[in-house]
Amino acid sequence: MQRVLSGIQPSGSQHIGHLVGALDNFTRLQDQGQAFYMIADWHALTSKYESVEEIWPATQELTATYLAAGLDPKQATIFVQSLVKEHAELHLLLSMVTPLSWLERVPTYKEKLQNAVADLGSYGFLGYPLLQTADIIIYKANKVPVGEDQLFHLELAREVVRRFNFLFKREVFPEPEAVLTKTPKVPGLDGRKMSKSYGNCIYLRDTNAEILEKCTRQMASDPARLRKTDPGNPDICPVFDFHKLFSDAATQELVSTECRRAGIGCFDCKKRVAEAMTRRIEPVREQIESHLSRPEVIQDVLRDGSARARAVAAETMADVRDAMAMPAL
Ligand code: TRP
Ligand code: SF4
């Protein structure tokens, strides 16, 4: 049977990129095998160690977002990383058999080290992808729905699995495979990648007024179209990328033809994007708020999910300790 695992760090609010890129994929995979969706609160510590008090509220908000996006806690196991201590034990054991150079050469490592706001020069940050490996393989997961930026981490996980199985002469872990989303990447309001640090996000909890304001005032359009009377080119316009993600086929068709013959202005076009986006986000936002107003339900989901995760993780750890000739007294 297929096992699916993925996770998101609780280090801030979720934006539409999370919804279209990750959460829709999580939801789609939850009934194809056994699915585990984690809140990676230990991973959040790598950058949030100076504001630890933000992590638990963000964990609850992310849980509400998982539920609002359509994850069903009866089908998928929704859990908190820090409540399954076995991940830490496996991380430690893997750290003994993983060459330092494998971690140092992960491209996201040096990149983030240089660009980050927080000081990431910690031991834990270097080990970030190895902890992620432990997260995945402790459930013997075969499929990992992630964004493209995680492919190097998945490659590391596969290498570590091969090394582990080779060293201890058994197939304890299967090699996990990334499942990329079919939807194209969601651009930010300025056309760059949507990211909190760029200030170019539309958040799932933004109000309708905020969505409209961000779309009409901040969204970049075809730079060559200066006047309303100039024809535009939707193929190179970031606004049209949003239409492709959120508008129905008829609207896309209409905008595309009218843009090319200067029959629609960019302001109107952006307003239509805002409307389409609002139709998609509003119900999600309402669900998030409604879940957040019942923190005890969120806590029950996490308590129950984490207990289920722990049972599976404990089984794997028994195999691991045995393979590594640890005593079981
Ligand atoms: N590194 C992932 C991210 O930043 C989060 C994550 C932690 C994760 N553990 C994982 C993703 C395990 C997939 C599987 O988005
Ligand atoms: Fe872009 Fe729409 Fe303006 Fe055309 S009308 S340039 S698609 S914003």
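Which helix supplies the largest share of the shell around ligand 1? H8 does, with four residues. This is a predicted model, in which local features need pLDDT of at least 70, side-chain atom pairs count only at pLDDT 80 or more, and totals for chains, interfaces and linings use all residues. Residues are numbered from 1 along each chain as its sequence is written, ligands are numbered from 1 in the order in which they are written, and side-chain values use heavy atoms, with hydrogens and water left out.

**View 1. The shell around ligand 1.** 14 residues surround ligand 1, each with a heavy atom within 4 Å of it. Among the closest are His 43 and Gln 150. Strand S1 (3-8) and helix H8 (128-137) each supply at least two shell residues; helices (H or I, at least four residues) and strands (E, at least two) are DSSP runs, numbered from the N terminus. Seven shell residues are nonpolar, six polar and one charged. Here Ala, Val, Leu, Ile, Met, Phe, Trp, Tyr, Cys and Pro count as nonpolar, Asp, Glu, Lys and Arg as charged, and the others, Gly among them, as polar.

**View 2. Side chains at nitrogen atoms of ligand 1.** A polar side-chain atom of Tyr 128 lies 2.8 Å from a nitrogen atom of the ligand. For Gln 132, the distance from a polar side-chain atom to a ligand nitrogen is 3.0 Å. An N or O atom in the Asp 135 side chain sits 2.8 Å from a nitrogen atom of ligand 1. The protein buries 88% of the 370 Å² that ligand 1 exposes when taken alone (Shrake-Rupley method, 1.4 Å probe).

Definitions and conventions: Polar contact = N/O pair within 3.5 Å; in protein donor to acceptor, adjacent residues only side chain to side chain.
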